[in-house]
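Here are my notes on this model, in numbered points. Have a look at the structure first, and then we can go through the helix packing together.

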Amino acid sequence: MKTFLQTFLSQVPGIALGITGGVALTFATLESRVERMLDAKLDAQLARLLPLVQPRPAPASVVMQTQDSREELRLIREQLAVLATRQPLEAPAPPEPTEPGEEARPAPTPEQVEASRQSQQVLADAITRGRWTEADQQRFHQALRAGTRDEREAMERSLSLAINSGQLRPVPGDER
């Protein structure tokens with residue numbers, strides 16, 4: 001990638017001939033003039049900015065540990081050690097976040113739970129055989145219709161993954 005200076009300098013000879021009235025300048029002469037001009041501008045900018053920069057003293061250490069703070073740290077460490085050795089309490093699962101305007105989903109019904117179990121069983125049996133038949137597909141989709149939307153999406157992902165990974169081979173018709 002060309003730098004700005006290289007790009008600028010590659011365009012300058014043609015421009016310079018026009019500006020100087022046709023007096024030919026060598027590339028080296030032109031390059032040195034442009035560099036001097038840019039250096040002068042940079043020096044002028046630096047001279048303007050230097051007065052604005054003031055050296056800052058190193059910050060003084062504000063925190064000084066006293067005997068009391070050391071004692072507090074020791075007590076905190078002891079309490080953390082005791083808490084770390086305890087068995088963790090089972091925290092209730094956080095509720096699923098819902099998007100604005102979307103209501104919380106109700107718990108699945110017993111029929112939906114059974115449909116989910118059936119679809120999982122159909123998929124597991126097919127993976128064991130290594131084949132996905134039309135009968136499997138019909139039973140799978142019939143069970144999925146009765147399940148929840150989330151379960152249906154999860155099972156369809158599992159089916160797709162099994163086929164794409166080669167665990168299942170779709171069999172057209174009722175080939176055995």
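Which residues in α4 meet which residues in α6?

1. To start with that one: on the α4 side they are Ser116, Ser119, Gln120, Leu123 and Ile127, and on the α6 side Glu151, Met155, Ser158, Leu159 and Ala162. Contact here means heavy atoms within 4.5 Å. By class, this contact has five nonpolar, four polar and one charged residues. The classes put Ala, Val, Leu, Ile, Met, Phe, Trp, Tyr, Cys and Pro under nonpolar, Asp, Glu, Lys and Arg under charged, and the others, Gly among them, under polar.

2. A word on provenance: this is a predicted model, in which local features need pLDDT of at least 70 and side-chain atom pairs count only at pLDDT 80 or more, while totals for chains, interfaces and linings use all residues. Residues are numbered from 1 along each chain as its sequence is written, and side-chain values use heavy atoms, with hydrogens and water left out.

3. The protein chain has six helices and two strands, in the order α-α-α-α-β-α-α-β along the sequence. These are DSSP runs numbered from the N terminus (helices H or I, at least four residues; strands E, at least two).

4. Back to geometry: α4 and helix α6 (residues 149-164) pack at an angle of about 0°, with their axes 11 Å apart. That makes α4 roughly parallel to α6 (angles under 35 degrees count as roughly parallel, over 145 as roughly antiparallel, 65 to 115 as roughly perpendicular and the rest as oblique). Axes are lines fitted to C-alpha atoms, for helices over the stretch in contact, and angles run from 0 to 180 degrees between N-to-C directions.

5. How do α4 (residues 110-129) and α5 (residues 134-146) compare? Their axes come within 7 Å and cross at roughly 155°, so α4 is roughly antiparallel to α5. Among the residues making this contact are Gln112, Val122 and Arg129 of α4 and Asp136, Phe140 and Leu144 of α5. The contact residues divide into eight nonpolar, three polar and three charged.

6. Do look at the loop between β1 (131-132) and α5, where Thr133 lies. Thr133 counts as buried because its relative accessibility is 10% (buried means under 20% relative accessible area, exposed over 50%, partly exposed in between, with a 1.4 Å probe and protein chains only). Its side chain makes a polar contact with the side chain of Asp136 at 3.1 Å (a pair of N or O atoms within 3.5 Å; within protein, one must be able to donate a hydrogen and the other to accept it, and residues adjacent in sequence count only if both atoms are side-chain atoms).
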